[in-house]
Each structure stands twice: as C-alpha cells, then as structure tokens.
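Subject: A structure for you to look at

Hello,

Below is the structure that I promised to pass on to you. Please open it beside this message, and then read the notes that follow.

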Amino acid sequence: MSDEGAPPDPAPADPAADGAQMSFRGRMSYGDYLSLDTILDAQRPLSRAHDELLFIVQHQTSELWLKLALHEMEAACTAIATDRLDVAFKMLTRVARIFEQLNGAWDVLRTMTPSEYSEFRDALGQSSGFQSYQYRAVEFVAGNRNAAMLKPHAHRPDLEARLRAILVRPSLYDEAIRLLARRGFAVEAERADLSQPRADSDALVAAWARVYADPAGQWDLYQLAEKLVDFEDYFRRWRFNHVTTVERIIGSKRGTGGTSGVAYLRRMLDVVLFPELWRVRTEM
C-alpha cells in the first residue's frame, strides 16, 4: 500500500516551544522542591527479595499520608476551639479522603503472596506497624488515649515527648464536646486528666440526639457530627483492611513486633473513637 499523499508525521513535541523552562542550572527544579533525591534514596531493602521494595514503599507512603492527616486533624482541633467550623469541615473532609487513599494502598500490598513475604520477613527483625509513631498520634489526637501505648517509643525520647504533648491537649473529640458545652448543651466538657480514656456519657448521647433531631436548627453541629462519623468510618475500614491483608499474607502467625498478629488486630477493631456518635444512631 502506498503512503503517497499521507500527511507527514508530526514533529516530536518540544515543550520549549510552548515556553517551558528547560534549563535548571541555578534554578529550583521539581526534584529540588520535593527533595526527591532524599525520598527516592530512602528505600533500602535488606534482602534480595523482589517484593521487599513493595513492602517498604507501601509503608513509607502510608506514613506520608499519616503526616498529612495529623497536620489536618491538629488544625481542625484549633478551628473547632475557635468556632471556625467551616474551616474544620474542610480539614475533616480531607482527613476522610486521606484514609480513603490509605485504604486503596492495601489493594497494592495484597498482590504479595505469603511465599513472597516469607522471602524477606526475617529481615524485618522486631519492626512492626504497631510501632508507628504517627499512627499512635492519629489515635491520640482523635481521642483514643491509652498511655500504655507510649512504651514502644521509650527508646526515642523525642517521639515519646511528642506523644506525651498530644496527651495533655484536648483531643478532636474533646474539642467537639467543648463546643457543645459552649452552645448550651448539658455535657461535661472538662476532664481532670486528658491523657486518660474518656468515659462514655449518656448526657453526651442525649446532646447529639438533640442535634440529630433538629438538623436545620443545629446545622453546623449536625455537620460536625457527620464529619467525625465520616472520618471514623474510613478509619475503621482502614483498620479492617489491615486485618484482612495481614491474614491473607501471614495467616495466624505471630506479628514481627511480638503481638498475636491477626488476633490482636481484630481486637483493635472494637476500639471506637467517637462512641456516643454511634450510640445515638441506636437510641434515637
């Protein structure tokens, strides 16, 4: 077949013709701004197993998302404390989307089989996600406070100090309860020891029930309640996906960090961040 009369092949695109900067000597490039040399050099497998890189990237990227989640959660605490609820809503929506992103990451890790994981599992030593400082900080900021969880960080006084600092500040849920009190609801807003778990409160269930019974009259509080539930919904899914992924890959083996593995993770599924917001659905 003859090509006679066919249009000429287009010339390769040249971004410079569109005004793109092509020389970065003495200028900040994309890689410079993002410190990509540092980030991309941080994956250092300890074995020759092909899938260890997947395992490292999965957990490192999760820690980056957790860093952003903490940034947004702490800012949301400040926004609620200063009655800037619209700002808090945007941040809490972002936190929920972050955990949606984290949920999707488990789908990638689940492509690794038990035999592939066993090729490098011994290289992990006693390291475990249970020891994640940022995961613990997310729980502490949200309101799930358990001082016993400081122990895995005792070897790092800097990290332990950061977690202790979180424990002496009001949690996200504490700030929501304080807001209810400022709005005239009969709830116990102050706690003598913020580091201790908060006791379940019938009065708080009654307060949230009033909010849910009058969405139009309590619109911003109603929105806040739903933003908190939305966050916990995605957070629960993330923990559930963690359980199923671990069970799929290691079965009933003990975790590298010494826990019972899947059995321990299943118990953690029963931890509720905002219990009265779930109770109110049953008791309304």
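**Helix packing and aromatic rings**

The crossing of helices α6 and α10 is left-handed, a term used if the near helix is turned anticlockwise from the far one by less than a right angle. This is a predicted model, in which local features need pLDDT of at least 70 and side-chain atom pairs count only at pLDDT 80 or more, while totals for chains, interfaces and linings use all residues. Residues are numbered from 1 along each chain as its sequence is written, and side-chain values use heavy atoms, with hydrogens and water left out.

The contact (heavy atoms within 4.5 Å) is made by Y135, V138, E139 and A142 of α6 together with F231, F235, W238 and R239 of α10.

Turning to the rings, the structure holds 15 aromatic pairs, where rings of Phe, Tyr and Trp (its six-membered ring) pair if their centres lie within 6.5 Å, and planes under 30 degrees apart count as stacked, over 60 as edge-to-face and the rest as tilted. One of them joins Y212 and Y222, which are edge-to-face at 5.4 Å centre to centre, with 70° between the planes. Y212 lies in helix α9 (residues 202-213) and Y222 in helix α10.

F235 and W238 form a tilted pair, 6.1 Å centre to centre with 40° between the planes, and both lie in helix α10, 3 residues apart, about one turn of the helix. Both F235 and W238 are buried, that is, under 20% relative accessible area, whereas exposed means over 50% and partly exposed in between (1.4 Å probe, protein chains only).

Best wishes

Methods. Helix = DSSP H or I, 4+ residues; strand = E, 2+ residues; numbered from the N terminus.
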